Structure formats: structure tokens, C-alpha cells
Amino acid sequence: MAAKSQKEFRRLNRSVSVGDVAMKAVEPVLRKRGFASADILTHWKAIVPPPYGEAVMPDKLVWPKNAHGEREAAGAVLQVRVSPAVALQFNHEIPALRDAINRYFGFYLIAEIKPSRTPFIAGSAAKTQDRPIATDKAVRERVQRQTEGTSDEELRDALQRLGEGIARRNPDPKRSDG
């Protein structure tokens with residue numbers, strides 16, 4: 001019999017959540033960035049006060065080394081990506097954020113927080129909103145009939161976009177009125 005070229009996978013004989021499987025795939029990348037686990041990333045919004053949960057993102061954890069070149073277990077430097085909108089305010093709040101992170105984990109984990117040079121990139125939700133979505137011709141005509149009495153052209157266009165958006169979000173085939 002020929003030798004197998006692929007490693008055989010061990011069956012777990014139980015159901016496994018997608019999150020567990022995904023975490024095993026992501027762990028090597030997290031370790032490379034200095035994170036021992038994904039806790040600080042997955043619970044970031046709960047750890048830091050608003051608006052930093054949305055506008056600041058952990059990037060890398062740099063651990064200090066002792067005289068023997070071994071990594072210390074405390075006093076790491078957290079590098080974060082910061083949205084330009086909150087950058088100035090963030091710089092003033094660094095001590096409070098550091099204390100919030102250490103309080104969350106229950107020990108002296110972070111000694112310093114530094115803004116990363118890597119630019120902050122918001123989630124993909126903003127990108128999908130910029131793309132226009134095609135609307136049904138009947139819906140467009142109905143919305144135009146409903147807004148034709150509006151004299152202000154900008155307001156009428158805004159109301160038509162709003163009406164089409166609502167119709168796309170909540171299609172109601174029973175409605176045929178104008």
C-alpha cells in the first residue's frame with residue numbers, strides 16, 4: 001500500500017462550534033502579533049469606554065524582555081490603530097484606557113499604550129453603504145407618486161431615496177396603494 005501524502009485528521013466525535021475551529025486557525029497569527037489569546041480583541045468593546053470601542057483597534061502586543069532575553073509576563077506595550085477623528089482625545093485618555101485594560105484582566109498586563117503607524121481602517125459596513133442598490137421599478141414609481149407634491153427638489157430626492165431604502169429593507173407585497 002502506498003504511503004499517504006496527507007496527514008490524517010483525528011475525528012472529535014462531537015459537534016464543534018465554528019468559533020472554536022476559526023480560533024484554532026487564527027491563533028498562529030495572533031501569537032505572531034504578540035497576543036497570547038484573542039480575549040483583548042474579542043472583548044475590546046467591553047474593555048474600553050465609548051467611543052474607543054469603535055474608533056481604536058488593538059494592533060500588536062510587544063512584551064518586554066528580561067536580562068536573559070526571555071519575555072516577561074507583565075508590562076507589555078499595546079500598539080493600537082486609532083481613528084483620526086478621536087486621535088487627539090485618545091492621547092489624553094491613554095492612562096485611563098491602560099487602567100481599564102489592566103482592571104479587566106485583573107493584573108498588570110499593559111504598561112504603555114502607543115498609537116501604531118498603521119492606518120485605522122473601519123469595518124466593511126461603510127463600503128457597502130456607498131454602493132447603490134437597484135430598486136424595483138414599481139417601488140420607484142410608487143415612491144415618486146408619494147413625493148410629487150414636495151416643492152423642494154433636494155427634499156424630494158432625499159425622501160425618494162429614503163422611501164426606496166425602506167421598501168428594499170421591508171418589502172411588503174400586500175401594499176399596492178400609492
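Modeller: A search of the whole structure finds 2 aromatic pairs. The model is predicted, so local features need pLDDT of at least 70 and side-chain atom pairs count only at pLDDT 80 or more, while totals for chains, interfaces and linings use all residues. Residues are numbered from 1 along each chain as its sequence is written, and side-chain values use heavy atoms, with hydrogens and water left out.

Biologist: Why is the pair of Tyr52 and Phe90 called edge-to-face?

Modeller: Rings of Phe, Tyr and Trp (its six-membered ring) pair if their centres lie within 6.5 Å, and planes under 30 degrees apart count as stacked, over 60 as edge-to-face and the rest as tilted. The centres of the rings of Tyr52 and Phe90 are 6.2 Å apart and their planes stand at 65°, so the pair is edge-to-face. The pair links distant parts of the chain, with Tyr52 in helix α4 (residues 52-55) and Phe90 in helix α5 (residues 87-105), 38 residues apart; helices (H or I, at least four residues) and strands (E, at least two) are DSSP runs, numbered from the N terminus. Both Tyr52 and Phe90 are buried, where buried means under 20% relative accessible area, exposed over 50% and partly exposed in between (1.4 Å probe, protein chains only).

Biologist: What makes the pair of Tyr104 and Phe105 edge-to-face?

Modeller: The ring centres of Tyr104 and Phe105 lie 5.2 Å apart and the planes are at 85°, so this pair is edge-to-face. Tyr104 has a relative accessible area of 39% and therefore counts as partly exposed, and Phe105, with 24%, is partly exposed.

Biologist: What makes the contact between Lys45 and Glu54 a salt bridge?

Modeller: A salt bridge is a side-chain nitrogen of Lys or Arg within 4 Å of a carboxyl oxygen of Asp or Glu, and the closest N and O atoms of Lys45 and Glu54 are 2.9 Å apart. The structure holds 4 salt bridges. Lys45 counts as exposed because its relative accessibility is 56%, and Glu54 is exposed with a relative accessible area of 57%.

Biologist: Which residue forms a salt bridge with Arg81, and are the two buried or exposed?

Modeller: Arg81 forms a salt bridge with Asp59, the closest N and O atoms being 3.2 Å apart. This pair links distant parts of the chain, since Arg81 belongs to strand β2 (residues 76-82) and Asp59 to strand β1 (residues 56-62), 22 residues apart. Arg81 is buried, and Asp59 is buried too.

Biologist: How do you know that the buried residues of α8 are on the same side of the helix?

Modeller: The buried residues of α8 are Gln160, Glu164 and Ala167. They cover an arc of only 65° around the axis, which means that they are on the same side of α8; the arc is that of the directions from the helix axis to the C-beta atoms. On the other side of α8, Glu154, Arg161, Leu162 and Arg169 are exposed. The buried residues pack against α7 (137-147), contact meaning heavy atoms within 4.5 Å.

Biologist: What is the peptide bond from Pro50 to Pro51, cis or trans?

Modeller: The bond from Pro50 to Pro51 is cis, with omega near 0°, and Pro51 lies in the loop between α3 (44-47) and α4. Most peptide bonds are trans.
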